[in-house]
Amino acid sequence: MSAGYSPDLELHEAVRQFLYLEARLLDSRDWTGWLDLFDESASYFIPLGGEEYDPETGPALLYEDKALLRLRVTRLGHPRAYALDPQPVTTHAITNVSLTRKEPHLEVSSLLNFHQFRDGEELFLTARLQHLLAGAPGAFKIMRKTVFLTNAGGWHSVMSVPL
Amino acid sequence: MKLSHLVKDRKIHHRLYSDPEIFELEMEHIFGRIWLFVAHESQLPEKGDFCLARMGRTEVLVVRQKDGGIKVLKNSCSHRGTRLCAAPHGHTGAFVCPYHNWAFNLDGSLKALPHAQSYDEQVCPGAADMGLAEIPRVAVYRGFIFASMAAEGPSLDAHLGPLAAAIDNLVERAPNSELTICRQKTSLVYQGNWKFHHENANDTIHPSIVHESSVNSARTTPVDMADFRADKGQTKGMMLANGLPPQDWAKISLSGSALGHSFMGGFYRSGLLSAAHEDDVAKAYRVALEKAKGKQKATEILAMDRFNNLIWPNFNVNAQFHQIRVVHPLRHNRTLVEGYCFRLGGAPDEMFRRASRFLTALVSPTSMIFGDDMEIFERVQKGLGSDGIDWLDMSRGLGRESPDDSTGGQMTASETASELPIRSQMQAWTHYMGDLEI
């Protein structure tokens with residue numbers, strides 16, 4: 001990983017604004033708007049903790065392509081999704097954004113502070129996010145998003161809202 | 001009052017779920033006596049290999065001995081009670097306490113300690129009573145390691161009874177009859193009583209209701225099957241499966257036994273994982289199984305179409321999809337569910353990918369299916385915890401039962417979408433708890 005310093009400040013700012021946009025879409029429950037940020041060939045991966053392994057082979061907390069994400073987004077808006085009734089209120093706070101690679105796609109590392117409040121219960125999670133972005137500023141598409149949860153190897157309660 | 005008064009033919013008192021005092025008694029008289037799954041042998045192939053496990057609320061070390069046997073030891077130093085080992089698994093020659101460096105052999109006996117001259121002869125290497133507390137009974141059934149905190153009691157074989165067939169089926173689904181457990185497990189905590197898990201797992205009415213959101217999402221979202229690159233539509237098929245019409249759910253077989261065990265028939269009628277659907281992967285697997293076991297035997301193995309095999313009180317074997325779940329009570333209103341999948345020796349790699357995806361889609365904390373079950377468990381706990389009702393009903397299908405021929409009459413089969421599995425669990429609960437006074 002490079003030091004994270006990018007002389008290309010405009011590009012860096014465009015990436016940062018893109019991540020903020022994604023967080024805003026999730027927190028405003030604009031699930032289809034969020035899904036639209038993903039390229040058709042994208043994957044979304046939340047690994048379990050422990051040794052490194054290939055998501056194609058081992059179990060994961062979540063590993064979905066865009067087709068499966070479409071199903072997930074439909075359920076997120078379904079009136080009888082019990083785990084989302086009452087609706088969670090969430091904050092996705094993005095920090096420590098750095099460009100870690102530029103070719104062939106932009107690779108972006110950032111940190112996520114996630115807070116959820118729902119039905120009197122609170123959920124706090126932190127993670128390092130890794131986005132692989134294609135396209136130009138203003139029209140980025142997520143090719144791959146990986147969520148490295150700080151507590152990936154721990155116990156979890158239900159995680160309904162995408163991180 | 002005797003606890004047997006809290007369980008009737010049709011009813012369960014809410015205190016079985018909401019009373020911390022009863023929970024304490026369950027830890028002593030159920031989890032402190034009965035055979036509990038602690039590990040699979042593939043986690044401990046070499047002498048000196050160990051892993052951590054839970055027996056009720058007790059953390060234990062499962063250790064492969066120098067003679068190849070297995071011991072299960074409490075993970076607490078015999079000196080000050082310090083938690084001895086914090087690594088979830090590993091390989092060692094001795095366990096050394098981080099506090100005063102007392103060292104224990106693989107069999108739990110005291111091996112060495114610094115400042116030996118400061119202790120008297122009752123505290124010296126090899127001294128009786130200074131070793132780690134050993135769980136008195138350990139038994140292995142076809143690679144599955146169970147332990148019991150009771151020095152005496154029914155054998156593991158007697159405890160498993162007809163449910164041993166579920167473990168047999170999982171083992172035999174491996175062409176070379178060797179299973180390897182995947183260490184990557186899911187660990188899901190819900191704020192509800194441990195019994196809810198097994199009461200729900202073989203309930204065949206709830207799926208089309210509780211899982212309506214995932215069934216409908218799979219039905220209505222316009223996606224071409226070819227677009228499911230990651231799993232070829234497996235997850236979608238799993239979501240759809242819960243949407244069987246009521247008359248079909250009523251035909252899914254349910255069997256229960258006085259030991260508390262139960263199983264339900266399979267219900268994957270279409271899609272990638274259904275028996276009717278044989279793609280290239282399933283075919284290559286069947287051919288490998290037939291080559292290893294002979295065609296007739298392979299056909300028998302694959303014909304055992306069951307979903308959850310619940311071994312009371314806390315083990316769930318899904319042989320067909322190469323999964324297990326272990327349910328750990330934490331408090332009367334807090335439970336941990338661990339999910340594992342297996343690699344079948346001699347089967348195509350893709351079979352393991354399917355097992356992994358099954359675990360990810362069904363038992364992960366992000367599951368579009370299980371997440372709704374967890375929400376229901378928490379709502380039941382909240383409803384009972386607020387003294388909402390005195391008695392829970394478990395009468396559905398009562399009296400509409402007959403001997404289960406598939407188990408040689410050792411179990412009882414239901415003729416409808418019955419709560420027979422819950423009644424079986426309560427029969428076992430009453431056996432272990434009923435005579436206690438509260």
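The following legends describe close-up views of a predicted model.

**View 1. The side of chain A that touches chain B.** In this predicted model, 34 residues of chain A are in contact with 40 residues of chain B. Strand 1 (38–46), strand 2 (62–65) and helix 3 (66–76) of chain A are the elements that give two or more residues to the side of chain A that touches chain B. Helix 3 of chain A gives the most, with seven residues.

**View 2. Helix 10 and helix 11 of chain B.** The axes of helix 10 (residues 280–293) and helix 11 (residues 295–303) of chain B come within 7 Å and cross at roughly 130 degrees. The two helices of chain B, helix 10 and helix 11, are therefore oblique to each other, and helix 10 passes helix 11 in a right-handed crossing. From helix 10 of chain B, B:Arg286, B:Leu289, B:Glu290 and B:Lys293 meet B:Lys295, B:Lys297, B:Ala298, B:Ile301 and B:Leu302 of helix 11. Four nonpolar, no polar and five charged residues make up this contact of helix 10 with helix 11 of chain B.

**View 3. The hairpin of strand 14 and strand 15 of chain B.** Strand 14 (residues 254–256) and strand 15 (residues 262–265) of chain B pair in the antiparallel sense over three bridges. B:Gly256 has B:Ser262 in strand 15 as its bridge partner. Five residues lie between the two strands of this hairpin, and B:Gly260 in the turn has a positive phi of about 100 degrees.

**View 4. Strand 15 and strand 16 of chain B.** Strand 15 of chain B also runs antiparallel to strand 16 (residues 306–311) of chain B, to which three bridges join it. Here the bridge partner of B:Phe263 is B:Asn309 in strand 16.

Conventions: Residues numbered from 1 in each chain as written. Chains lettered and ligands numbered in written order. Predicted model: local features only at pLDDT ≥ 70, side-chain atom pairs only at ≥ 80, totals over all residues. Contact = placed C-beta atoms within 7 Å. Helix = DSSP H or I, 4+ residues; strand = E, 2+ residues; numbered from the N terminus. Axes fitted to C-alpha atoms, helices over the stretch in contact; angles between N-to-C directions. Parallel < 35°, antiparallel > 145°, perpendicular 65-115°, else oblique. Left-handed = near helix turned anticlockwise from the far one by under 90°. Nonpolar A, V, L, I, M, F, W, Y, C, P; charged D, E, K, R; others polar. Pairing = 2+ DSSP bridges.
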